[in-house]
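Hello,

Here is the structure for you to look through. My notes follow below it.

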Amino acid sequence: MKKLLYILFSFVILAGCEPKIDELSPNKGSADFSRFVSVGNSMVAGLTDGALYFSAQQNSIPNLLAQQFQLAGGGAFVQPVVKSEFGVEFPGSMPRLKLGYVTDCTGAPSLGPVPDLGPRDPLQPVGYQVNNLGIPGAKSFHLLVPGYALLNPYYFRFATDPNNMVIQEIPPLNSTFFALWLGSNDVLGYAISGGVGDTITGQATFGPAMGGIVQSLVGTGTKGVIANIPDIHDIPFFTTIPYNGMVLPSQDIVDQVNFAMGHFGLPYTYQLGPNPFLVADPTSSRPVYKVRQMKPGELVLLTVPQDSLCLGMGLISSITLTPWPLPDQFVLTQDEIKDEITNIETAIAGYNVIITGLAQTNGLALVDMNTKLKELESGLVWDGIHMNANFVTGGVFSLDGIHLNSRGNAIAANYFIESINAEYGSTIPFVDITKYQGVLFP
Amino acid sequence: MRKFTALLLGICLAASTAFGGGYQVSLHSMRNIGMGLIGTSLTYDASSFFYNPGAAAFVQDRFSISGGVSLLMARTTFQPKDVMGQYNIENLLNTPLYFYFGFKPFEDLSIGLAVNTPYGNKLSWGDEWQGRYLIQDLAFKAITVQPSFSYKIKDVFSFGMGLVLTFGNVELNKALPIEGQSGVDGKVNIKGSTYNVGFNGGILVRPVKGLNIGVDYRSKVNMVVDEADATFTVPVSMQFNFPDQKVATSLPLPANLDFGISYEIKEKLLIGINLCYVFWSAYDSLVFDFKTKTAALDKTCAPAMYENKLIPRIGAQYKVNDIVTVRLGGYYDPTPVPDDHLNPQTPSMNQIGLTAGLSVFPFKGFSIDAAFLYVMGLEKEGTYSPENFSGTYKTNVYIPGIGLSYSF
């Protein structure tokens, strides 16, 4: 009996042994991650939901990369830490957004981004040297502007000298590896202002600026990774509201609108359901009401004010009872005198040729974010999470419609790692994307 | 009937972890477990009613009763592809049971009842693991009750058949990637039970004394659950998309075609082989059809793409004396799951099983039977491609068991 108990006992011990599988052994390959520096704009800084706040900054793409690099000899990575969960306070700063309830035109509550207000960090220098030189709002050539800290509060927070150019921050860091993702703002500034509030950086400026930045990063042979610029058609800020988003809910209204359009001398027939918005048409030969319907391919921006749409903007004002086109700053149009969308597409294509060239001549890993976001646009499944580039429901973009959320950053970090491993023969493990939050619902 | 089902499931049966390919559990009699799980051509006791009703009429004794329990201890380790960290399935201690009774009203006719647990799967990956949007935990159990008869024609041929009454229940939990303001995942729980009927029929041929050849076919039983309960935990603003409701689903318990041959030398040594063909292709997808359809809930179809597999088994027993009999055996159980459909819901891999057994007869007709089965899973790397979830799985299973048999 004693013997039997002994045998049974050894079975239980045996059962305690877990089956062994070899663990991953991260290897740095031909790269050296000991001193890592990142340079770029808001995408690099970690700006999310319209603001740079603590948890979003912790999940910035370069910070996620640095954590993975630390598995293969990577060192400390210092960011200019924002302590508040609501962002940094400065004149003109925008509030963090969260998903909340907004009232739609019929008065019913629906889900939409609302300000998430709370105490914010005052604007002051952090007082230490940082590895993450991501600066929200920065364009390529801004990094070569002396005294840029006085123009950009985010740079002001970590500039080691207010008279510096940003690239002067690079040599003292003595980096062994860098990540550069810059250039989106060179065209986004124009795009998100509907083509009226900013200009597109010319190729003749962009090329030398990017070349100078890469040169100061590469120095005498530092290795690194560079990412290219996504297409605006893959960013929900530009794709959420369709050109024909003017929905007429009843035949009565359709009849009234058609009668009024005839009265205004506008040759447009409306029907039940979706109809194109009206936009301004400076080329129109009509004496008054120089408006036209939007065409397929033209884009309405996410910032178009909902309350104005409820009052008839894009159709007929319910107050003045006259045609009310969408203001130019909320649309990207294509007409004979100004083709905003082609301007943007041409610029991005040119930038990406320059970026690819810089990667090739300097032996850098290239992340083709342009293609990756196109893949996302058509749907991505990862660890049981089904995602796409749609606003809110897609799960990857944050509530500002332009920047990725934490899960999106984790996916982007994995794209960087994929390219780095391919270029330098390293085996940096991927980030577990399920550990990072997507869109949070109320 | 429902009350009866609940009683059976609640009292008779503890859950079984699938350790074979897919979710088949082959722990049906200590004597057979000791011999590499062979049984189609054996005629020792009433367990034949399960292994091959055709063989039961060759059991010599007028009454035969046996019962037993296994202690199933499975450990699975998972290494996600290219992501640091490993996961272990929590140690689930399960106790599959069996009970057989056979009676011969006449010399050539035997009737009997077989109760056992040929299918099941129970695992728990925990709530926070990387694959939580595929599965957190799953408990699926099926118990079969099989009234049968067996008839012998002279001493060379017999046939038999039984009705397989199958009662099953299932419960699963998985996370939904719909997070509330605090970042907590949504969750769905699905729970249901059902029963259905299949059959088990076979023949045994004994061309010369000592040589048995058996063939047995157990039909597929489709476990259709018309009204399982689906319960959702999601943020308030998403509840309109995820109403608690009934959902229809089904899981096929695949058919088995077994061929066995064994030879007994001087009533001392017996050696046998079995070839078990499992019709796994019946499991091509797992469908959930939600009754209340919303933008988020429709008919979902998770491809399984299982493939038919042949399991070769070999075993032997040696009668040391009138008191002690010892057994040894082994088998190779190839996984029915293709590499691109390897799902953590059923982490199935090729397996090698090694078995040993012992019977002690304190007096004639009565035995205490013990068996030990060690199952070594062969490391398998795969992807569940519909959800893009990849990694390497490895399982070890230790199954000691004990039973009693009485024949007279």
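In this model, 27 residues of chain A are in contact with 36 residues of chain B. Contact means that the C-beta atoms of two residues, placed from the backbone, lie within 7 Å.

A word on conventions. Residues are numbered from 1 along each chain as its sequence is written, and chains are lettered from A, with ligands numbered from 1, in the order in which they are written. The model is predicted: local features need pLDDT of at least 70, side-chain atom pairs count only at pLDDT 80 or more, and totals for chains, interfaces and linings use all residues.

Back to the side of chain B that touches chain A. β2 (72-80), β9 (179-180) and β23 (389-407) of chain B each supply at least two of its residues. The largest share, 7 residues, comes from β23(B). Strands here are DSSP runs (E, at least two residues), numbered from the N terminus. By class, this side has 13 nonpolar, 16 polar and 7 charged residues. Ala, Val, Leu, Ile, Met, Phe, Trp, Tyr, Cys and Pro count as nonpolar, Asp, Glu, Lys and Arg as charged, and the others, Gly among them, as polar.

β9(B) also pairs with strand β20 (residues 440-441) of chain A. The sense is parallel, over 2 bridges. Pairing requires at least two DSSP bridges between the strands. Opposite A:L440 stands B:E179.

13 residues of domain 1 are in contact with 11 of domain 2.

Best wishes

Technical notes. Helices (H or I, at least four residues) and strands (E, at least two) are DSSP runs, numbered from the N terminus.
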